[in-house]
Amino acid sequence: MPKLQLTLAIIKPHAVKNPVALSYIRNVIKNNFVVLKTKRMILDAEAAGSFYEEHVEKFFYNRLVTFMASGSIDLHIMGHTHAVEVWRKLLGPTKVYKAQFQEPYCLRGMFGLSDTRNVAHGSDSLASAEREIKFFFPEFSLYNWYTNDEIRYR
Ligand code: RTP
Ligand code: MG
């Protein structure tokens, strides 16, 4: 049985509030990944700040942190043999002008409103995926997931 690589998807507040976006994104996730765990939560600004600590020096940091703490977010631990790459490909470019003009059928092209309100987050490497899953789900066991494991944990 093929082994699963894991990634963390975070559906951002504006997309959680948009029923068309949310149901489309959920279908994309369901059709492409084994979903191992989901959680809806509201981050406080302190937690959002520490999640995005690598960006602390960037001009958009305060805007990003304030936005991520502005409403409910949906977290998904998702598995696929190439989970990190596949989810980022489905999301498309970070910058909304690139997403809309170069890849209009990616999730950010369809539902992105700005570079900050760009629909969802995806881990950018295996190491980030592990850090990010541990950040939100400290009790989650990261290893030895296989393609027949859907819903075992949820
Ligand atoms: P993500 O982590 O969300 O998948 O996005 P990414 O790796 O493609 O982008 P990154 O450079 O890591 O940026 C992290 C988050 O910062 C927000 N951002 N806002 N000009 C802006 O307002 C701006 N630029 C980047 C994005 O929403 C990105 O998700
Ligand atoms: Mg990133």
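Ala, Val, Leu, Ile, Met, Phe, Trp, Tyr, Cys and Pro are counted here as nonpolar, Asp, Glu, Lys and Arg as charged, and the others, Gly among them, as polar. The model is predicted: local features need pLDDT of at least 70, side-chain atom pairs count only at pLDDT 80 or more, and totals for chains, interfaces and linings use all residues. Residues are numbered from 1 along each chain as its sequence is written, chains are lettered from A and ligands numbered from 1 in the order in which they are written, and side-chain values use heavy atoms, with hydrogens and water left out.

**View 1. The shell of residues around ligand 1.** Ligand 1 has 15 residues around it, and K12, R63, T94, D115 and T116 come nearest; a residue is near a molecule if one of its heavy atoms lies within 4 Å of it. By class, this shell holds 6 charged, 6 polar and 3 nonpolar residues.

**View 2. Side chains at the oxygen atoms of ligand 1.** A polar contact is a pair of N or O atoms within 3.5 Å; within protein, one must be able to donate a hydrogen and the other to accept it, and residues adjacent in sequence count only if both atoms are side-chain atoms. From an oxygen atom of ligand 1 to an N or O atom in the side chain of R63 is 2.7 Å. For K12, a polar side-chain atom lies 2.8 Å from an oxygen atom of the ligand, and for R108 the distance from a side-chain N or O atom to a ligand oxygen is 3.3 Å. On its own, ligand 1 has 570 Å² of accessible area, of which the protein covers 88% (Shrake-Rupley method, 1.4 Å probe).

**View 3. The lining of the largest pocket.** A pocket is found on a 1 Å grid over the protein atoms alone, as an open set of points where a 1.4 Å probe fits, with protein on both sides within 12 Å along at least five of seven lines; lining residues have an atom within 4 Å of a point. The lining has 22 residues, with Y52, H55, F60, T94 and N118 nearest the centre of the pocket. By class, 10 of the lining residues are charged, 6 polar and 6 nonpolar.

**View 4. S114 and its surroundings.** S114 is in the loop between α7 (107-111) and β4 (helices, H or I, of at least four residues and strands, E, of at least two are DSSP runs, numbered from the N terminus). A polar atom of the S114 side chain lies 2.9 Å from the backbone nitrogen of R117.
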